[in-house]
Amino acid sequence: MNTHYDLIVIGAGPAGTPAAMAAAQFGKKVLLIDKRSAPGGECLFEGCIPSKVLENAANRYFEVVESKRFHIDEEHPQIHWEEVLKDKDEIIKKRSMGALMQIEKLPTLEFRQGVVKFVDTHTLRLNEELLDFDKAIIATGAKTAIPPIKGDALEKVWTNRDVFFEETLPKEILFIGAGAISCELAQMFHKLGVKTHILERSERILKHVGEDAALAVQNEMLTSGITVDLNVTLQSIDFTDEKFVVRFSQNAEERTLHYENVLLATGRVANLDGLELDKAKVEFDKHGVIVNDKLQSSQAHIYACGDAINAPKFAHTASYEAGIVIHNMFAPSPHIVDYSKNSWVLFSSPQIAVVGLNETDAKKHDIDIDVEIYNYAQDARAQLDKSPQGYLKYIINKKTKVIIGIEIVSEDAASIIGEASLIVANEMSAMDVMKAIHPHPTLTEAFSKLAQQIFFKSMMQRSRG
């Protein structure tokens, strides 16, 4: 007889691992499967965590290099890249082993490594073993989208899965694509003295980010010396004489670049290869597994979440979805997934942090809005830190006065988006924000400053009749 489980979870990343652990806490017999030997997913091994280790090192190094801004004379700073990589490996190992220890504390939860595929709607094959399940969760994450590019060197280019494991600091990198991954990594390596260059097919970088925020990062890149070529049509990538030869057209002009390293970051696609979803009669398209607002697939007992579906691709969003899935599987009343209060951070320079709806989203929902902005150029803390670029933006429902979205562009936006998330999640107005007395001088003071700005503007409008 086949081994039977109440729930099988495919993928042990930020979606699959918490889902499996929560189901086990309900007393269910659960199997968590991943292609890796330990839980963590791409976020831990090849994404969020390794990138932030390297970015932290780069930022500290750059602070020393630029310490003359604060009248500090620090000559000949060096970064020991091999030691930075050791830190990365130790943090990854510690976090992965910590997750594994948590799993082992749950007696009804089992973790196994292997390649899995569906046999039918209630059966999986793990390696060569057949497993039966009552319910399943597909949480296999995403991978780099590889566009059709001519040339003989596409298999040699880097993706984010490669660049974090280079034993020596590269001298130059050409980035193809100007999304979050490219922009973060290009700025990080540039701070370490690496020659960086971005090619982007659109008219600006970060096309999925608000235009004001994207242009703030783009201007910082150009000012710092990063080369950015827009409106590019990539033609081919070859490899000759130890260098990549990249041919492209731009504004009807044919161009060729020669670089030692090329990193491809042209978007993400759901990682569904080899699952044989058709045998389980699970519908999917180019965006991933097709799910309803309860995160059920076309088979009601098979759910999907995280980067395997067409939804915001963030680790914290995947964990939120995992909670929705487990609730809908085992609790009496269903929950509906709601991304209107989702938050995210782009660890660029300056950082971009967003929660809730932006102007475009509000228009899609037919919401009449007011947009109010506080510029950090007037902020005491930003001036003290010599980082006055950026702004805090409120997106306000004109009818209800509720702040439905907040956008922050600042060198420390990641540290203050938490308060913004609470404002949006609790459907607060500017008057509600004014009730909080923020300490001075801090960047969070801007929340009440902008609220006061809105209040006084409203009072002036009323006095004018």
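I began with a three-stranded sheet: it is open, antiparallel in its pairing, and ordered E11-E12-E13. I looked up the edges next. They are strand E11 (232-240) and strand E13 (253-259), each of which pairs on one side only. On average, neighbouring strands here are turned by 20° against each other, direction ignored.

I noted the ground rules before going on. This is a predicted model, in which local features need pLDDT of at least 70 and side-chain atom pairs count only at pLDDT 80 or more, while totals for chains, interfaces and linings use all residues. Residues are numbered from 1 along each chain as its sequence is written, and side-chain values use heavy atoms, with hydrogens and water left out.

I also wrote down the terms. Helices (H or I, at least four residues) and strands (E, at least two) are DSSP runs, numbered from the N terminus. Two strands pair if DSSP finds at least two bridges between them. Axes are lines fitted to C-alpha atoms, for helices over the stretch in contact, and angles run from 0 to 180 degrees between N-to-C directions.

I then checked the join between E11 and strand E12 (residues 243-250). Eight bridges link these antiparallel strands. Ser236 has Arg247 as its bridge partner in E12.

I went to strand E1 (residues 3-10). It runs parallel to strand E6 (residues 129-138), with seven bridges between them. Val9 faces Ile137 of E6. E1 also pairs with strand E2 (residues 30-34), again in the parallel sense, over four bridges. Here Leu7 stands opposite Val30. I traced the link from E1 to E2. It passes through helix H1 (residues 16-25), and this β-α-β crossover is right-handed (with the strands pointing away from the viewer, the path from the first strand over the helix to the second runs clockwise).

I found Val163 in helix H5 (residues 160-163). Is Val163 buried or exposed? It counts as buried, at 1% relative accessibility (buried is under 20% relative accessible area, exposed over 50%, partly exposed in between, with a 1.4 Å probe and protein chains only). Setting aside neighbours within four places in sequence, I listed its contacts as Trp158, Leu185, Phe189 and Leu263 (contact means heavy atoms within 4.5 Å).

Leu185 and Phe189 took me to helix H6, where both are buried. H6 (residues 180-191) has 12 residues and reaches 17 Å from first C-alpha to last, close to the 16 Å expected at 1.5 Å a residue (the expected span is 1.5 Å times one less than the number of residues). Nine of its 12 residues are buried, so I logged H6 as mostly covered. Among them are Ser182, Glu184 and Lys191. After H6 comes Gly193, with a positive phi near 90°.

I turned to the open sheet ordered E19-E20-E23-E22-E21, whose pairing is antiparallel. Strand E19 (343-346) and strand E21 (369-375) stand at its edges with a single partner strand each, so one side of each has no neighbour in the sheet. Neighbouring strands are turned by 10° on average, direction ignored. Inside the sheet, six bridges join strand E20 (residues 351-356) to the antiparallel strand E23 (residues 403-410). Val354 has Glu407 of E23 as its bridge partner.

Which helix lies across E21, strand E22 (391-397) and E23? I found helix H13 (residues 445-463), running at about 125° to E21. Ser448 lies in H13 and is buried, at 7% relative accessibility. Its side chain reaches the backbone oxygen of Glu445 at 3.0 Å (a polar contact is a pair of N or O atoms within 3.5 Å; within protein, one must be able to donate a hydrogen and the other to accept it, and residues adjacent in sequence count only if both atoms are side-chain atoms). Leaving aside neighbours within four places in sequence, Ser448 is in contact with Val433, Ala436 and His438.

**Gln296**

A polar atom of its side chain lies 3.0 Å from the backbone oxygen of Ala300. Beyond neighbours within four places in sequence, Gln296 is in contact with Ile290, Val291, Ile302 and Tyr303.
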